[in-house]
Amino acid sequence: MSTSVWLIPAFPLAGALINMLFGRLTGRRASWIAVPALLGSFLAACAVFSRVWHGEIVTARLYPWIQGGEFTTAVSVAVDPLTGVMLLVITGVGFLIHVYSVGYMHDDPGYARYFAYLNLFVFSMTMLVLASNFLLLYVFWEAVGLCSYLLIGFWYTRPAAAQAGKKAFIVNRVGDLGFGLGVMWLWVAVGSLDYADVFKAAGSMEPATATWIALLLFMGACGKSAQIPLHVWLPDAMEGPTPVSALIHAATMVTAGVYMVARSHVLFERSGVALDVVAAIGVATAVFAATIGLVQTDIKRVLAYSTVSQLGYMFAAVGIGAYAAGIFHLVTHAFFKALLFLGAGSVIHGMNGEQDLRKMGDLSKRMMATTITMGIGALGLAGMLPLAGFWSKDEILAAAFFGHRRVLWGLLVAGAFMTAFYTFRMFFLAFFGSPRMSREVAHHVHESPRSMTWPLVILAVLTTVTGLAVGIPLEHGSPFERFLAPVFARLEEAHSPVAALALAVLSVVVVAAGILLAWMLYHVRRVKAEEVGQPRTWVHALLLNAWYVDAIYDRLIVQPLYALSVLLARAFDLGVIDGIVNGLGRAVTGWAAGFRRLQTGFVVNYALTMLVGAVLLVGYLLTR
Amino acid sequence: MGGVGEERRSLPPTSNDPVGLNAYLILAALVFSVGLAGVLTRRNAIGILLGIELMLNAVNINLAAFSRFGGDLTGVVFALFTIAITVAEMGVGLALVIAIFRARRTVEADRLDLLKG
Amino acid sequence: MTPIPAPPIAWNALLPILVLAGTAMLVLLADLLPPRESKQHLGALALAGIIAALVIALVRWGTDVCGFRDMVRLDGYALFFDIVIAYAAALVVLLSMDYLRRRGAESGEYYALVLFAACGMMLLASAGDLIIVFLGIELMSLSLYVLAGLFKSRRQSSEASMKYFLLGVFASAFLLYGIALLFGAAGSTNFERVAAAAARNPHDTLLLIGVALLLVGFGFKISSVPFHMWAPDVYEGAPTSVTALIATGSKAAAFAALIRFLTTALRPLQPDWTALLWILAALSMTVGNVVAIAQTNLKRMLAYSSIAHVGYMLVGLVAGGPQGTSAILFYLFAYVFTTAGTFGVLTLCERTGGTPEPDGDGAVDVREYAGLGRRSPALAFALTFFLLSLVGIPPLAGFFGKFYLFGAAVRAGYVWLAVIAVLNSAVAAYYYLRVVVYMYMREPEGAAATLAPSFAGGLALAIAFIGIVLLGVMPAPFVELAQVAVAPLLR
């Protein structure tokens with residue numbers, strides 16, 4: 001009985017189609033369709049998950065998709081423990097965010113359009129993780145990108161939003177180019193794109209081939225999951241509505257890269273080099289983005305850089321072979337980062353659209369529920385015992401330490417310190433201290449409606465209990481790890497409990513130190529709004545400008561390419577060809593005045609070009 | 001039925017032709033080149049048309065010569081097709097020239113530069 | 001004098017073409033009947049003829065008829081292209097009806113010429129002899145020259161027509177010269193006999209020059225670099241509905257003849273023309289895409305983009321074999337729907353702020369499309385999908401077209417060409433998506449495009465839309481069709 005598997009994507013697809021085609025009819029009632037669709041999808045996912053829980057692998061096949069010669073691919077899906085976990089996260093968090101959006105977007109003129117896109121995204125994302133071959137994966141890889149693009153630019157009348165949407169798309173195209181080439185190469189190398197065939201063949205693949213394919217695939221992951229050097233789009237993506245940032249740019253879509261690397265781990269392991277690259281890029285991004293997060297003044301940008309950084313942690317984990325730890329961090333991150341974004345959304349909603357931390361302060365008085373849940377989220381992100389973030393991050397750190405990657409481990413610990421610092425810097429700046437907003441805004445500040453606070457509470461509960469429930473490492477790994485064991489076929493080897501405990505203590509100390517520092521700088525000391533976010537030193541300036549990566553890309557890539565295009569348009573068609581013609585003409589006038597009339601106009605120029613082409617063709621064929 | 005056709009296509013042998021095939025080919029090439037030069041040097045649309053006409057006639061010389069020396073009638077038949085089509089082309093071409101003259105009061109090819117880039 | 005025996009006439013081999021030609025005559029006759037207010041009935045008549053030809057092609061699928069001393073072949077390959085061409089012609093007729101009426105340019109000749117052009121295209125698809133190639137090309141081109149100049153008082157239109165004509169005839173001269181030389185070298189114009197001659201002496205100078213000149217002619221018709229320069233001017237100047245026909249039908253037909261000619265008549269020379277086409281493919285893709293980036297006129301941009309698409313299709317020809325060749329057929333099928341749809345949207349868009357000027361060109365500047373997403377959501381949605389298909393975003397038709405083409409190139413060992421092609425499609429995304437950005441994320445300044453409602457136009461867009469989605473969601477049966485079609489060529 002495989003119908004329930006199809007129900008998972010079918011519900012949101014139906015919702016999207018209804019709201020897209022009859023948006024004018026549904027209007028304000030769009031959420032009556034969209035939210036139940038997500039609930040249905042979530043329940044179907046639960047039903048499927050319960051079967052997976054009992055050790056079953058659920059598969060279903062819709063129809064043969066491509067049948068040509070030696071190459072066949074079907075539209076088919078499979079649910080193993082990894083996919084099951086992803087499905088629960090996507091539909092579960094997705095459902096909460098849909099509920100939240102009802103309150104958050106209730107005044108927006110594009111209400112139906114918003115829910116249509118959001119449903120479409122959930123459909124694409126569930127299909128992405130359900131896919132049982134690389135081609136289907138690629139299709140929905142592009143589809144989620146499209147939804148992301150549409151939702152980033154949702155408020156297209158704002159130039160910044162339109163610009164951010166375009167940037168996201170272009171940067172992702174660069175990554176997808178690699179991904180597409182990787183998939184194509186796989187097809188050439190293996191002759192099939194089904195996961196089962198590919199991973200069977202990967203075992204005996206040339207390591208060099210495996211390396212190239214894996215690196216190309218990872219390029220796609222870098223784009224989608226905003227890793228160096230393709231991380232530039234994610235902070236700008238915050239121009240979209242905040243629930244979108246929570247769902248797509250924190251909890252689900254950006255983790256697709258991690259999912260893909262974990263899913264193809266056989267291929268990456270065959271290469272070895274590729275895994276090291278993944279680990280290196282992951283750690284570099286984790287630290288790099290954390291440094292930028294230290295100085296941001298926009299509440300959503302702090303969270304955006306923290307997302308980039310946390311994604312770096314996940315890649316670091318899968319790069320050192322701790323797949324289950326990486327996926328576990330993915331899950332916990334989905335909870336606490338969605339919580340933080342939704343909390344930030346609640347703040348923005350309460351403050352009438354203000355996002356600048358310098359103009360906040362003392363919100364805890366007016367927004368109790370938001371403050372408490374945000375606090376839990378912040379502790380979760382910082383990785384404080386006993387919240388979920390602690391367990392998942394601790395496992396990554398432990399894997400790095402015991403895997404004898406001490407340098408990586410050191411960097412990740414430094415990153416953890418910075419994470420704790422900037423998270424609580426944001427928290428204190430927003431909720432405590434003296435109010436810094438204008439009088440009118442201060443008067444307006446209010447707690448958000450129930451539909452927005454309830455998702456916050458549920459996510460806060462999840463952030464609190466997930467770690468304790470399934471994340472505590474026991475003798476043979478945590479329960480979560482054991483559940484995923486059939487996918488990764490590898491358990492962390494047991495290490496000395498004393499060392500593990502010491503690491504955990506160290507981790508707690510580092511996080512506490514970070515929080516303490518933030519407390520001293522931004523709570524004990526009186527915060528002066530004009531001093532925050534001002535470039536006082538060159539280090540400050542460097543971080544505030546995100547290491548100038550955007551400026552460098554602009555100078556090195558965007559501007560030259562544009563110049564080249566203009567040059568070719570003007571110069572090639574008019575200049576060079578005219579130039580050749582003119583040059584020829586001048587040469588000819590030198591010895592025959594009668595040929596002066598060579599330059600007769602454009603038709604003749606075209607004819608002459610054709611003639612030159614003809615001569616070259618003849619010459620080429622004759623001299624071959 | 002095919003046999004009859006094959007027979008009808010052959011021509012008498014041509015061994016005692018005073019000038020060889022190459023002479024015709026060179027003549028055709030020359031005519032073609034003259035036409036080409038005309039196309040490339042004329043400013044007037046009609047002048048260009050005349051150049052193209054010469055190029056097409058060079059083709060006919062070639063076809064007839066190959067037919068004669070290869071002993072296959074196809075070439076001559078083809079030349080008939082070419083002539084017919086060329087006439088149609090020139091008809092269309094002159095009509096276009098008139099149309100453009102009405103709209104622009106000129107048939108200079110180098111004035112046709114509204115569309116470029 | 002012995003009577004000349006009448007050659008047997010194989011009506012069967014010409015059936016779809018005869019139906020179209022007959023309909024064209026009927027249209028001309030019906031045009032003489034007392035004038036009515038609108039000439040839509042002529043369009044409907046033309047459409048009926050095209051549908052009849054389409055049905056014939058579909059019914060005859062699986063048969064193989066030769067006629068006229070093997071000069072005309074109506075095999076699976078020709079039938080496949082007949083279907084493609086019939087779709088292209090039908091979409092163009094549907095798109096033309098209201099477009100022409102709004103400009104006061106309705107005429108019976110228009111539909112008749114479209115039908116004659118379609119006859120020429122189908123003749124090219126069935127050509128088994130260079131004489132037929134020539135006749136097909138001329139029948140098609142002569143009709144298109146006139147169609148391009150349909151808006152007589154519009155200066156751009158007559159200029160486009162003049163340029164198209166002069167350069168087209170110029171290219172025909174090369175083509176004919178090439179045919180003459182090939183005839184001299186092979187002693188015949190029949191594809192099979194040319195193949196035999198080429199196999200005997202593949203490096204005959206006469207033969208090689210002939211082939212090169214023929215490729216110049218074909219290069220012009222498919223608008224491959226460096227024979228592409230007419231395309232942007234003509235696409236921009238011609239009436240949009242005619243541009244759609246030039247971009248879809250004439251390109252498909254020229255490819256049909258080119259593929260059959262190269263794979264059957266010139267198979268012994270395959271290494272030579274493959275190397276040549278490699279260069280042309282790379283040049284066409286690169287020049288087309290790069291120059292398209294700087295365009296603001298949509299028709300001109302699409303012209304350069306179509307040059308790039310020709311480059312992609314040449315990749316399939318370079319790859320060769322059943323996979324490469326069938327990939328081109330599939331791509332063309334997808335391309336016809338996508339391109340006809342894109343130009344179709346342009347025919348449905350008029351500038352606001354006044355009635356359309358007589359013989360005017362409607363809204364063609366990308367800036368006029370700002371905010372279309374809100375003014376006409378359905379139209380903007382359709383255009384977005386067509387553009388996404390041109391970009392090659394899965395799961396639309398364009399993606400699978402590229403997938404099969406580039407995949408075939410990689411399989412055949414042309415990895416670098418595939419890399420160039422993939423890089424090019426990434427560049428292309430930029431200018432296609434710029435249109436989408438304008439539609440959804442900008443507000444118009446000054447003139448703006450709005451929908452000019454038209455039932456026939458909407459129907460055409462719906463057909464094209466269903467086409468690209470269907471080819472994308474279930475490409476398998478169509479690819480199989482293409483593979484069956486190319487099988488007789490590669491025996």
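Guide: What follows is a predicted model, taken label by label.

Visitor: What makes Ser223(C) count as buried?

Guide: Ser223(C) has 27 other C-beta atoms within 10 Å. The cut-off for buried is 20 or more. Therefore Ser223(C) is buried.

Visitor: Where is Ser223(C) found?

Guide: In the loop between H8 and H9 of chain C. Its phi is positive, about 55°, although Ser223(C) is not a glycine.

Visitor: What joins Val225(C) and Pro226(C)?

Guide: A cis peptide bond, with omega about 5°. Pro226(C) also lies in the loop between H8 and helix H9 (230-237) of chain C.

Visitor: Why is Phe68(C) called partly exposed?

Guide: Phe68(C) has 17 C-beta neighbours inside 10 Å. Buried needs 20 or more, and exposed needs 12 or fewer. The count for Phe68(C) falls in between, so the label is partly exposed.

Visitor: Where does Phe68(C) lie, and what is its phi?

Guide: Phe68(C) is in the loop between strand E1 (65-67) and strand E2 (72-74) of chain C. The phi of Phe68(C) is positive, about 55°, and the residue is not a glycine.

Visitor: How do you know that the span of helix H12 of chain C agrees with what its residues should give?

Guide: Helix H12 covers residues 298-319 of chain C, 22 residues in total. At 1.5 Å a residue they should span 32 Å. The end C-alpha atoms are 31 Å apart, so the two values agree.

Visitor: Is H12(C) mostly covered or mostly open, and what follows the helix?

Guide: Mostly covered: 22 of its 22 residues are buried. Gly320(C) follows H12(C), with a positive phi near 65°.

Visitor: What span is expected for helix H23 of chain A, and what does the model give?

Guide: Helix H23 runs over residues 497-524 of chain A and has 28 residues. The expected span is 40 Å at 1.5 Å a residue. From first C-alpha to last, the helix reaches 38 Å, which is close to that value.

Visitor: Which residues of H23(A) are buried, and what covers them?

Guide: Ser507(A), Val510(A), Val511(A), Gly514(A), Ile515(A), Ala518(A) and Tyr522(A) are buried. Their cover includes helix H17 (368-382), helix H18 (388-402) and helix H19 (406-431) of chain A. An α-helix has 3.6 residues a turn, so residues three or four places apart point the same way.

Visitor: Why does Met127(A) count as buried?

Guide: There are 22 other C-beta atoms within 10 Å of Met127(A). The threshold is 20 or more. Met127(A) is therefore buried. Its place is in helix H5 (residues 111-130) of chain A.

Visitor: What does Met127(A) touch beyond four places in sequence?

Guide: Met127(A) touches Pro9(A) and Phe140(A). As for Leu411(A), 284 residues separate it from Met127(A) in sequence, and the two C-alpha atoms are 36 Å apart.

Visitor: Which residues touch the most other members of the largest nonpolar core?

Guide: That core has 491 residues. Ala316(A), Ala338(A), Ile85(C), Val114(C), Leu124(C), Val216(C) and Val315(C) touch the most other members. Beyond four places in sequence, the contacts of Leu124(C) include Val133(C), Gly136(C), Ile137(C) and Met140(C). Ala253(C), Ala254(C), Ala256(C) and Ala257(C) are also in contact with Leu124(C).

Visitor: How many residues does each chain give to the contact between chain C and chain A?

Guide: Chain C gives 49 residues and chain A gives 44. On the chain C side, H8(C) gives the most, with 9 residues. That side divides into 39 nonpolar, 4 polar and 6 charged residues.

Visitor: How many residues of chain B are in contact with chain C?

Guide: 36 residues of chain B are in contact with 38 residues of chain C. Helix H2 (21-41), helix H3 (45-70) and helix H4 (74-104) of chain B each supply at least two residues of the chain B side. H4(B) gives the most, with 15 residues. By class, the chain B side has 25 nonpolar, 7 polar and 4 charged residues.

Visitor: What makes up chain B?

Guide: Chain B has 4 helices and 0 strands. Buried residues make up 32% of its 117 residues.

Methods: Residues numbered from 1 in each chain as written. Chains lettered and ligands numbered in written order. Predicted model: local features only at pLDDT ≥ 70, side-chain atom pairs only at ≥ 80, totals over all residues. Contact = placed C-beta atoms within 7 Å. Nonpolar A, V, L, I, M, F, W, Y, C, P; charged D, E, K, R; others polar. Expected span 1.5 Å × (residues − 1). Core = buried A, V, L, I, M, F, W, Y, C linked by C-beta atoms within 7 Å.
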